[in-house]
Amino acid sequence: MASPFRSLLTLLLLLATCTLAEHTSNWAVLVSTSRFWFNYRHLANVLSLYRTVKRLGIPDSQIILMLPDDMACNPRNAFPGTVYNNADRALDLYGDNIEVDYRGYEVTVENFIRLMTDRVGEDMPRSKRLLTDDRSNILVYMTGHGGNEFLKFQDAEEISAFDLADAFEQMWEKKRYHEMLFMIDTCQANTMYSKFYSPNILATGSSEIDQSSYSHHADNDVGVAVIDRYTYYNLEFLETQVRDPTSKLTMGELFDSYDEELIHSHPGIRYDLFHGGEQAARSRLVMDFFGNVQNVEVEGGGRRNETEWQEELRAIEGMIAEAKRRHNESLHTRPQLEHLVEEVEAVDKLRAQSVRKEGAVRVDEEQGWTKQVVGAAALLGCAGIWVAGSWFESL
Amino acid sequence: MRCQQLSTPRRRHHRKMPPSTQVDALSTPTRAPDGSETAANAAEGAPARRQPPPESNESMWTRRAVIFSFWAVVVFLGLPVWWKTTAIYRADLPLQAMTDWADGKICKPVFPLRIAVEASALQSPDAQHLIRTTQHALDDLNEFSAHHLRLMLADSPWTANLSQQVVSDGLRISGKDEDIALTIRLVPVETGTTPRSHLQQYAPTLDVYYAANQIPPASSTSSPLATFIAHELHKMFAEEQAQLAYLLSTTSSAHSAKIKSLSPETAAELERQSTRALKYAPTYHLTFSLFSPTFVPSAWEIESALQQYLAPLLESFSSISNFTVDSQVQLYAGFSPSIRQPEYDETLNAWTLRKEDLSGFINAAEWPLSPSIGIGPTVNFVLYVPDQSQSPLLVKENGGNSWLIPQWGGVLILNPAQAANTANTPTTLTREALAPAMHTFANQLLSLLGLPQTPNSLPLRLSTLKRVRAASLLFSASSTLGALARLTRALPSIPIPDKVAISVDFTTDHLQQACNNLREGRFQGALEHARIAEAEAEKAFFERSMVGQVYFPDEHKAAVYLPLMGPVAVPLLMAALKEFKGLSARRRG
């Protein structure tokens, strides 16, 4: 009696685990962390990735792009309004349709961690938030100047591998991702993912510890290097092999395309956090992270005949009329439901709160008052000390 | 950084000495850089040079008092202030209770459904007996103990006047109660096959027709009528039971042990449903978009179409979720260029898109979807009118023209010229032309919202959804609490403000109420409480101030403290050391 039950249960569990593989949305967080003209290539790296994921179907609303500097409008740019990732200058990455979510001094470690853990203010627009759930695959791409277990942000601060690992752990705890691909192109990049401990992260980096990550080539007219090697060869694979969203290429094939001779450093891949290990991670499709492919459900098999359809329509209209009638009835009967009153009140209160929150400018009166009182007290205290001091002096 | 560390003490020597050491400095005014020996020689060689007067006892004590007071300020004021200001404030959270909620130890959700039986044609004892036997048969059928159907005898509307005198015996309930999940009306008939049942499509009522001889005699313990009703009820609530069982098994491991095993097909179907359905939100935003690669149609009667075809449906959902709606028209907006162009299919006599291309159909780069307005998640409905030269446009595999994108919305390709048998695409889509699209969108919306497919009665399906949503909210709020508790333990350096503790208390409070409401069968109340609990739990977890760079390497700490503490600490330490040296020298000497 017990054994068939148990086998059914295990079957159910098995089913649950293997069907977990499905995700319903794709998000991309693309971060460049360095400013100034000579870091042109980092911006180009990120914009190239941006263009690729957009081409493969991730909508702008699901791409968080962080650009700390504006190379296109830099006075030293010989080609104003453009950013190129190749000396042939065939493709303007800046184009006319890019949506930067965090720009300039908004690109900070704090903002990045806030974005990942969604600890943002109420006034943060939805387009600048990472609204993922347990069925979202996330691509996190970072580039900049880094070192052993840190990545510099804007020459002013740095994010450590520990902070990054903790942020990802918080995301996992809150079920904010299904699977994550972490990709980083910086010096000693592989140290950045060495501290991760949350499951279902597939991580790859451009170079080992004590190794630099090199740029690919410079454009003499632009005057600086335009792209990094690791990103260049990733893009080469994505642009030449992954032609359209129906591509069935796997992550394993992408990783196998890395050539250390060409990249001039040792790219690393970390499989052990991934559910199912190396084999499962390698069998994930490139489109699972770089594209936005879901299993759509096609409806309306066969061509519906006209009369059947009319009947259906009449039925739905009938249902609608009935719903209306029921609604009207329930409007009349609602006052009789006594035990619901308290809940309704609670909801009303909640609604009232949310209504109050909708104001364009929220002035926190009380906060202002306490601040003023504190300020006045401080001033009075200072004055008191001064008076006391002069009194002591006069003694 | 290292340079600063080294240079700090050296620089100190050039600075002004603190007042306590001034006496020393005066005693050897010409001390040479190579030590006191030179000074001593100089003193011997030049006897004219006057020795400083011996230090008076009073000044010595003053010096000691000064040193002591500096130390006192540092130890009793400085250190506590430093400790206090750099300490991370962590409010006390009921960690154990939070973990217990997440593990499902506090609340075991149960779903007792009350079913009223109206048997106006039966005598009270007969009806009671029938209910008892049916209940018995029902309990035998039920394998999922958390979901329990309880039959009760209801006052029929036409005996309501009489029943006012009847003393309530606990088995009688008023037919007007909101918490009645289903009403069974027993109707005696003389013709047709009996027993037979009819579920009303727009009311939570099941009509059961029976012949008079099918009423079980008082002596028997089972009867065909009772078994029939029990089976009907079991069949009717099978999907709900499966959904709840699946929810319990996936969300918490504690519950999975007692759950009846679902067949693999059912489990797969439920998995598909949960993949498709959106996460619960109190408010959803619906966006209806018309995209056309040409300049026609440039207008659509969307407002009246929505009013007629969708508004009542949305209204019927109002006890579960609210909706905001907007619409847009985009001309010269073709579908995604990255997918294969449609091919002409001779057999279908239409242009066709391959099924695998459909997921790339949405032109995410150029179509302005997801307006990021409103507070809720956006559900997109896209109506695409193809170019005249590519019309009609259909899906190759099944000839359909609509598809659903899980957790995102629906797409429908409208071929208006084909529908209206005209050569040209009309400039305005009338309400009638939009009807099929609205029909499809309504169905898509229902499945995106997670409305179950059976039983074939909208109110019953809505109340099922209400229970499923209440349970899932309960689980998700509980698991958020558990996540917060785990994080609190795992990251000791994260600050936890009082607001979080308050929110956590509020959450557990409402969770408890939701749980109680579930147990008492008040599902609307349970949903309301679970909704508040969920919102509060989210607020607690996503508290804005609970962020910060948690990890500081030791070099950073040294770099922060040395420039500050070094200059203060060196003279303090040196003065204390010197004083102790002098003290011990004097004791010995």
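Predicted model: local features only at pLDDT ≥ 70, side-chain atom pairs only at ≥ 80, totals over all residues.
Local features require pLDDT of at least 70 and side-chain atom pairs count only at pLDDT 80 or more, whereas totals for chains, interfaces and linings use all residues. Residues are numbered from 1 along each chain as its sequence is written, chains are lettered from A in the order in which they are written, and side-chain values use heavy atoms, with hydrogens and water left out.

**Chain A**

Chain A contains 12 helices and 13 strands, taken as DSSP runs numbered from the N terminus (helices: H or I, at least four residues; strands: E, at least two). Of its 395 residues, 50% are buried, where buried means under 20% relative accessible area, exposed over 50%, and partly exposed in between (1.4 Å probe, protein chains only). The accessible surface of chain A is about 19,000 Å², and carbon and sulfur atoms supply 54% of that surface; the areas come from the Shrake-Rupley method with a 1.4 Å probe. Among the contacts in chain A with a separation of 6 or more, 73% are between residues 24 or more positions apart, a contact being heavy atoms within 4.5 Å.

Strand E11 (residues 224-228) of chain A is largely enclosed by the rest of the structure, because 5 of its 5 residues are buried. Strand E10 (residues 215-219) of chain A runs antiparallel to E11(A) and is joined to it by 4 bridges; strands pair if DSSP finds at least two bridges between them. A:Ser215 in this pairing stands opposite A:Asp228 of E11(A). The two strands form a hairpin with 4 residues between them, and A:Gly223 in the turn has a positive phi of about 100 degrees.

**Salt bridges**

Side chains of opposite charge can pair when their charged atoms come close.

| Pair | N to O distance |
|---|---|
| B:Arg486 and A:Glu173 | 2.7 Å |
| B:Arg63 and B:Glu579 | 3.1 Å |
| B:Lys396 and B:Asp345 | 3.9 Å |

The salt bridge between B:Arg486 and A:Glu173 joins two chains, because B:Arg486 lies in helix H16 (residues 458-490) of chain B and A:Glu173 in helix H4 (residues 161-173) of chain A. B:Arg486 is partly exposed at 40% relative accessibility, whereas A:Glu173 is buried at 14%.

B:Arg63 and B:Glu579 also meet in a salt bridge. B:Arg63 belongs to helix H4 (residues 57-86) of chain B and B:Glu579 to helix H19 (residues 554-588) of chain B, so the pair ties together parts that are 516 residues apart in sequence. B:Arg63 is buried at 14%, and B:Glu579 is buried at 14%.

In chain A, a network of salt bridges links A:Arg51, A:Arg55 and A:Glu239.

**Nonpolar cores**

A nonpolar core is a set of buried Ala, Val, Leu, Ile, Met, Phe, Trp, Tyr and Cys residues joined through side-chain atoms within 4.5 Å. In the largest core, of 118 residues, those touching the most other members are B:Ile184, B:Leu186, B:Leu233, B:Phe288 and B:Leu383. H16(B) gives the largest share of this core, 16 residues. The core lies between domain 2 (111-242) and domain 3 (278-445) of chain B, because both give residues to it; the domain bounds come from an automatic or database assignment. A second, separate core has 53 residues, including A:Tyr84 and A:Ile227.

How values were computed. Salt bridge = Lys/Arg side-chain N within 4 Å of Asp/Glu carboxyl O.
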